[in-house]
Amino acid sequence: MRALTDAEVAVLTAMIQHAPPDIAPESVTEERRMMWLNQVPRVSVARECGCGTCASIEFALDGVPVSQVWSDEALSAYDVRQDALVFVHIINDVIWELEVAPVQDTVVTTPNPAALDFSGWSEP
């Protein structure tokens, strides 16, 4: 396990504050966003994806890895600088994963929050 980098904290915070949910927009209230934001200082990186192309990381909350099941909430954005999809997956109101996946077959890094488009992505 390791601490989040400043860049990971910045993008995770921006995603929680601004990213729309993938499904059921009415389920993501300001109260839930505040609850998730309050978890950010308590999360650490439990696992980094080993694919070699993405910048995805899974979290531990208070040192305990979050169970790996399908997320019940997903906040999404598009990284316009890297042509990548960005998601924050949440399971039972606990932040589970920051997923950064390239749209093309390229290597991506942790996004700069200024490069995130929260209006949705559509294939060109």
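Predicted model: local features only at pLDDT ≥ 70, side-chain atom pairs only at ≥ 80, totals over all residues.

Me: Which residues touch the most other members of the largest nonpolar core?

Reply: The general idea is that nonpolar side chains tend to be buried together in soluble globular proteins. Here the largest nonpolar core has 28 residues, and those touching the most other members are Leu-12, Met-15, Phe-59, Val-88, Ile-95 and Leu-98. Two or more residues come from each of α1 (6–18), α2 (30–39), β1 (43–48), β2 (57–61), β4 (73–79), β5 (84–91) and β6 (94–102). The greatest contribution is that of α1, with 5 residues. As for Leu-12, beyond the residues up to four places away in sequence, it touches Leu-4, Val-40, Val-43, Phe-59, Val-88 and Ile-95.

Me: At what angle do α1 and α2 pack?

Reply: Two packed helices are described by the angle between their axes and the distance between the axes. For α1 and α2, the angle is about 170 degrees and the axes are 9 Å apart. An angle over 145 degrees counts as roughly antiparallel, and therefore α1 is roughly antiparallel to α2. On the side of α1, the contact is made by Thr-13, Met-15, Ile-16, Gln-17 and His-18; on the side of α2, by Arg-33, Trp-36 and Leu-37. These contact residues comprise 4 nonpolar, 3 polar and 1 charged.

Me: Is Ser-76 buried or exposed?

Reply: Ser-76, which is found in strand β4, has a relative accessibility of 16% and so counts as buried. Apart from neighbours within four places in sequence, Ser-76 is in contact with Met-15, Ala-19, Pro-20, Asp-22, Val-86, Phe-87 and Phe-118.

Me: What does Thr-110 touch, apart from residues up to four places away in sequence?

Reply: Thr-110 touches Ala-7, Glu-8, Val-11, Ala-55 and Gln-82. Its place is in the loop between β6 and β7, and it counts as partly exposed because its relative accessibility is 25%. Thr-109 is also in the loop between β6 and β7 (116–117). With 49% relative accessibility, Thr-109 counts as partly exposed. Leaving aside neighbours within four places in sequence, the contacts of Thr-109 are Ala-55, Gln-82 and Val-100. Sequence separation and spatial distance may be read together: Thr-109 and Ala-84 are 25 residues apart in sequence, with their C-alpha atoms 9.4 Å apart in space.

Me: What is the phi of Asp-83, and what is that of Asp-93?

Reply: Most residues other than glycine have a negative phi. Asp-83, however, has a positive phi, near 55 degrees. Asp-83 lies in the loop between β4 and β5 and is partly exposed at 22% relative accessibility. The phi of Asp-93 is likewise positive, near 65 degrees. Asp-93 is found in the loop between β5 and β6, and its relative accessible area of 24% makes it partly exposed.

Technical notes: Residues numbered from 1 in each chain as written. Heavy atoms only, no water. Core = buried A, V, L, I, M, F, W, Y, C linked by side-chain atoms within 4.5 Å. Buried < 20%, exposed > 50% of the residue type's maximum accessible area, 1.4 Å probe, protein only. Helix = DSSP H or I, 4+ residues; strand = E, 2+ residues; numbered from the N terminus. Contact = heavy atoms within 4.5 Å. Axes fitted to C-alpha atoms, helices over the stretch in contact; angles between N-to-C directions. Parallel < 35°, antiparallel > 145°, perpendicular 65-115°, else oblique. Nonpolar A, V, L, I, M, F, W, Y, C, P; charged D, E, K, R; others polar.
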